[in-house]
Amino acid sequence: MAVGEFLGMLMTFPTSVFFVPFVVFFLIMLVDLVFNVVEGFTADIDLFDLDNLPGSGLLLPQVLSKVPLMVALCVSFFVATVLSFYASDIAQGFISGPILLVANIISIPIVAYISLAISAWLLKPLAPLFDRKKTFAKVEFIGLKGRVHSNVVNREKGEVVVLHEGNEFLLDAMLQDDSSIQYGDEVIIVYKDDASDRYVVAKKA
C-alpha cells in the first residue's frame, strides 16, 4: 500500500476525526520539546478536572490528569486513530450506505472512551515521573542555596533554580521587601509563603 493511499484512508471519516487532532498535538509536542512554550500556558490546566466531577472515578482514568497535557492528548488521539481505522475497515466489510454512516457516527464516542482507558494503561508507568506534587514533597527546600533563573526576583515575581542531589528544581520565588535580585545571583531559600505558593528568598551574603 502506497503512503499516499494510506494517508488517504486516515483522512476518511470517522478516522480523520481523531487523526487530524493527533497530528496537530504531535507537532505541538515536538515544538515544545525544543522551545518549551506549552508549559507556561497550560501550567494551571488539568486535562480532566476529576476532583470536581461527581462519579469521575468510574468514568475517566485518573492517570491522564497526572501527565502533561500534550502527552495525554497526543497518546489518546493516536490510540483513537488506530481503533477508529480498524473499526471502520471492519465495518465496511459488513455494512454500507446510510447504515455505515450511522455506525461510524455512533462509533466516535465509543472509540474515544476506549482510547482514554487504553491511554491511561499505557501512560500509567510514566505518571510518577510527571507528578510534581510527589516529586516536590520529597525535597525540603528551606535553607538550600539557589541561583536566580528569571531576569529578576522581586516582591511579585521571580524564579530560582535549586540544585539538590544532582537534580535541578525550578521554583517560583519572591522577596519579602521592595528590593530586587538579578539573574544569576545566588540566593538562599528562607521559607515558603503559603498564600502565594512561592518561596521567599534572600540574596546570599
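Predicted model: local features only at pLDDT ≥ 70, side-chain atom pairs only at ≥ 80, totals over all residues.
Let me begin with the strands. Five of them form a closed barrel, in the order β1-β3-β4-β7-β6, and the pairing within this barrel is mixed. Going from one strand to the next, the twist averages 55 degrees. If you look at the place where β4, residues 167-174, meets β7, residues 198-203, you will find that these two strands run parallel and are joined by two bridges. At M174, the bridge partner to look for in β7 is V200.

I would now like to turn to the charged side chains, where the count comes to five salt bridges. One of these brings together E186 and R147, with a distance of 3.0 Å from N to O, and this pair links distant parts of the chain, since E186 belongs to strand β6, residues 186-193, while R147 belongs to strand β1, 39 residues away. Which other residue forms a salt bridge with E186? That residue is K204, and the closest N and O atoms of this pair are 3.4 Å apart. K204 lies in the segment after β7 and E186 in strand β6, so this contact ties together parts that are 18 residues apart in sequence. Taken together, R147, E186 and K204 are linked in a network of salt bridges.

How exposed are the members of this network? E186 has a relative accessibility of 33% and therefore counts as partly exposed, R147 is also partly exposed, at 41%, and K204 is partly exposed as well, with a relative accessible area of 30%.

A further salt bridge is the one in which the side chains of K192 and D197 meet, at 3.0 Å from N to O. Here again both partners are partly exposed, K192 with a relative accessible area of 34% and D197 with one of 48%.

Next come the aromatic rings, for which the count is seven pairs. In the pair of F85 and Y86, the ring centres are 5.3 Å apart and the planes stand at 90 degrees, so this pair is edge-to-face. F85 itself counts as buried, because its relative accessibility is 14%, which falls under the 20% limit for that class. The rings of F141 and Y199 are also edge-to-face, with their centres 5.6 Å apart and their planes at 75 degrees. This second pair links distant parts of the chain, with F141 in the loop between α8 (132-137) and β1 (145-148), and Y199 in strand β7, 58 residues apart. Both F141 and Y199 are buried. Ring pairs also link F19, F22, F26 and F78 into a cluster.

Where does F94 sit? F94 is found in the loop between α5 (69-92) and α6 (98-123). Its relative accessible area is 72%, and F94 is therefore classed as exposed, the cut-off for that class being over 50%.

With that I will stop, and I am happy to go back to any of these residues on the screen.

Notes. Residues numbered from 1 in each chain as written. Heavy atoms only, no water. Helix = DSSP H or I, 4+ residues; strand = E, 2+ residues; numbered from the N terminus. Buried < 20%, exposed > 50% of the residue type's maximum accessible area, 1.4 Å probe, protein only. Pairing = 2+ DSSP bridges. Axes fitted to C-alpha atoms, helices over the stretch in contact; angles between N-to-C directions. Phe/Tyr/Trp six-rings, centres within 6.5 Å; stacked < 30°, edge-to-face > 60°. Salt bridge = Lys/Arg side-chain N within 4 Å of Asp/Glu carboxyl O.
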